[in-house]
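Keep the sequence and the 3D view open while you read.

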Amino acid sequence: MGIEYSIEFSFTDAHRVASLFAAIGALTVTLPTGARYDFQSAVSGRMPDGTAKITESGVIFYSHGGQGEEYLGKVVASLVREFGSVNVRKTQ
């Protein structure tokens, strides 16, 4: 699955978070369990470089290699600009 990161921050509107993902270039994948956001570079092939899910306490981000860590950095930077302080920890 890749490397999992928990990004915790305070927010009240998940649509604002999803809009930030879209601005970075994420594609929204609708699943029965909710939305997943895929971050994929032009050279990554079929597998996304990173995926994210919005949770009650923030975001779970999975880096699948390629440019996954770069996308993680972009996600964190966008969240800090929009919401202020965030806590990032590697969970797997």
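This is a predicted model: local features need pLDDT of at least 70, side-chain atom pairs count only at pLDDT 80 or more; totals for chains, interfaces and linings use all residues.

**Exercise 1.** Across which strands does α1 lie, and at about what angle does α1 run to β4?

Residues are numbered from 1 along each chain as its sequence is written, and side-chain values use heavy atoms, leaving out hydrogens and water.

*Solution.* Step 1: find helix α1 at residues 14–24. Step 2: look at what α1 lies across, namely β3 (34–39), β4 and β5. Step 3: α1 runs at about 165° to β4.

**Exercise 2.** Work out the strand order of the sheet and explain its edges.

*Solution.* Step 1: the open sheet has 6 strands in the order β2-β3-β4-β5-β1-β6, with antiparallel pairing. Step 2: β2 (27–31) and β6 (87–90) each have a single partner strand, so one side of each lacks a neighbour in the sheet. Step 3: zoom in on β4 (residues 50–54) and β5 (residues 58–63), which pair over 5 bridges (pairing takes at least two DSSP bridges).

**Exercise 3.** Describe the surroundings of R16.

*Solution.* Step 1: R16 sits in helix α1. Step 2: leaving out residues up to four places away in sequence, R16 touches E82 and F83 (contact means heavy atoms within 4.5 Å). Step 3: R16 and F83 are 67 residues apart along the chain, yet their C-alpha atoms are separated by 9.9 Å.

Technical notes: Helices (H or I, at least four residues) and strands (E, at least two) are DSSP runs, numbered from the N terminus. Axes are lines fitted to C-alpha atoms, for helices over the stretch in contact, and angles run from 0 to 180 degrees between N-to-C directions.
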